[in-house]
Amino acid sequence: MTLLEVRDLHVEFHTRDGIAKAVNGVSYEVAAGETLAVLGESGSGKSVTAQAVMGILDVPPGRITGGEILFQGQDLLKLPEEERRKVRGARMAMIFQDALSSLNPVLSVGYQLGEMYRVHQGTSRKEARARAVELMDRVRIPAARERVNDYPHQFSGGMRQRIMIAMALALEPELIIADEPTTALDVTVQAQVMDLLAELQREYRMGLILITHDLGVVADVADRIAVMYAGRIVERAPVRELYAAPAHPYTRGLLDSIPRVDQKGRELNAVKGLPPSLLSIPPGCAYNPRCPMARPVCRTDEPPLYEVTEDRASACHFWKEMLDAP
Ligand SMILES: Nc1ncnc2c1ncn2[C@@H]1O[C@H](COP(=O)(O)OP(=O)(O)O)[C@@H](O)[C@H]1O
Ligand code: SF4
Ligand SMILES: [Mg+2]
């Protein structure tokens with residue numbers, strides 16, 4: 001069953017220098033209980049797409065200029081703000097990179113967790129506090145009962161991220177969007193937080209959109225991947241198939257940039273060159289100035305998202321060659 005379907009979404013930002021085309025026709029789907037990883041370099045439109053889904057886009061300067069966001073068949077873009085607010089938190093929740101700036105520094109974590117129940121369900125203070133402790137246990141914060149009155153800054157980065165996960169889980173939403181949830185953490189803590197999130201997602205059978213620029217993180221937890229470049233999806237595939245044989249040169253570039261175990265300490269070779277300015281995306285294929293496979297047609301004809309198989313797609317004119325290459 002499709003939980004979320006984003007269809008041909010367009011978002012622009014009006015800036016002093018012109019119109020930045022941040023999202024240019026993004027479509028993706030998430031089924032109940034499924035994890036979709038959204039991958040791409042910084043500035044490719046991953047967060048803006050997520051903000052549009054959550055209904056927390058900065059408007060202005062942002063503006064949704066086209067598309068649909070169907071949540072269980074209902075177009076969220078057509079809902080009045082009042083209705084939208086009810087969906088947010090209760091039926092879909094978001095986890096951000098930086099817990100410290102998402103949590104209120106002057107309120108205890110117990111109060112903030114309990115607030116979810118008080119506000120949305122009219123739970124009493126005492127009951128809300130008890131459920132906050134339960135939640136902290138669920139995300140394995142040691143000594144939850146003793147720490148429920150502590151403030152965000154009294155927790156480590158990893159523990160704060162667990163509190164954010166607890167906050168997102170509180171009302172048992174059907175969909176969670178995690179936007180670079182572990183980027184700010186130490187590598188070892190990253191893995192622990194990621195494992196916890198994956199485990200809870202399975203247990204609650206939630207849909208999960210996991211935004212990251214780290215291919216290494218998604219290998220174990222995601223079912224499918226959508227790769228974004230310059231506000232478009234350039235490749236969409238089940239995780240294993242994408243890792244085995246990418247059908248887009250940009251995905252290949254990302255895969256080649258994963259640091260190998262045997263290369264520890266060596267500089268990771270990021271994809272060469274810079275992403276285009278969103279104020280003037282190059283004609284043809286937006287990736288052509290950086291693409292090692294680019295040919296004249298790439299500078300003139302924009303590749304559509306070609307269907308590769310039933311559940312794979314690639315926006316490269318030469319996807320067949322990519323897959324045939326040894
Ligand atoms: N509040 C904003 N004001 C102006 N432009 C913005 C704003 N937020 C995002 N953008 C534009 O949208 C682009 C995509 O941003 P974003 O979705 O955050 O990228 P990422 O893929 O790193 O999450 C940015 O490079 C920027 O040009
Ligand atoms: S369409 Fe051309 S420029 Fe774009 S990714 Fe494919 S080969 Fe490279
Ligand atoms: Mg982002």
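Me: Hi! What should I know about numbering and cut-offs before I start?
Reply: Residues are numbered from 1 along each chain as its sequence is written, while chains are lettered from A and ligands numbered from 1 in the order in which they are written. This is a predicted model, where local features need pLDDT of at least 70 and side-chain atom pairs count only at pLDDT 80 or more, though totals for chains, interfaces and linings use all residues.

Me: What pLDDT does the chain average?
Reply: The average is 92, and 96% of the residues score at least 70. pLDDT is the predictor's confidence in each residue, from 0 to 100. Over residues 261–268 the pLDDT is below 50.

Me: Thanks. How is the chain divided?
Reply: There is domain 1 (1–91 + 176–261 + 268–292 + 305–315) and there is domain 2 (97–170). Those bounds come from an automatic or database domain assignment. Taken over C-alpha atoms, the domain centres are 28 Å apart.

Me: And how many residues are in contact between the two?
Reply: 17 residues of domain 1 are in contact with 13 residues of domain 2. Contact here is for two residues whose C-beta atoms, placed from the backbone, lie within 7 Å. On the domain 1 side, α8 supplies the largest share, 7 residues. Helices (H or I, at least four residues) and strands (E, at least two) are DSSP runs, numbered from the N terminus. By class, that side of domain 1 has 11 nonpolar, 4 polar and 2 charged residues. Ala, Val, Leu, Ile, Met, Phe, Trp, Tyr, Cys and Pro count as nonpolar, Asp, Glu, Lys and Arg as charged, and the others, Gly among them, as polar.

Me: Which residues touch the most other members of the largest nonpolar core?
Reply: Ala 166 and Ile 177, in a core of 94 residues. Helix α7 (residues 157–169) gives the most to this core, with 8 residues. Both domain 1 and domain 2 give residues to it, so the core lies between them. A nonpolar core is a set of buried Ala, Val, Leu, Ile, Met, Phe, Trp, Tyr and Cys residues joined through C-beta atoms within 7 Å. A residue is buried if 20 or more other C-beta atoms lie within 10 Å of its own, exposed if 12 or fewer, and partly exposed in between, with C-beta atoms placed from the backbone.

Me: Ligands next. What surrounds ligand 1?
Reply: A shell of 15 residues, and the closest are Ala 22, Gly 43, Lys 46, Ser 47 and Val 48. A residue counts as near if its C-beta atom, placed from the backbone, lies within 6 Å of the molecule. α1 gives the most to this shell, with 3 residues.

Me: Which residues come nearest to ligand 2?
Reply: Cys 285, Asn 288, Cys 291, Cys 298 and Cys 316, out of 13 around it. By class, the shell holds 10 nonpolar, 3 polar and no charged residues.

Me: Where are the cis peptide bonds you'd point me to?
Reply: One joins Val 59 and Pro 60, with omega about -25°, and another joins Pro 60 and Pro 61, with omega about 10°. Pro 60 lies in the loop between α1 and β4 (62–71).

Me: What about phi of Asp 8?
Reply: Phi of Asp 8 is near 50°, a positive value in a residue other than glycine. Asp 8 sits in strand β1 and is exposed, with 12 other C-beta atoms within 10 Å. Most residues other than glycine have a negative phi, and most peptide bonds are trans.
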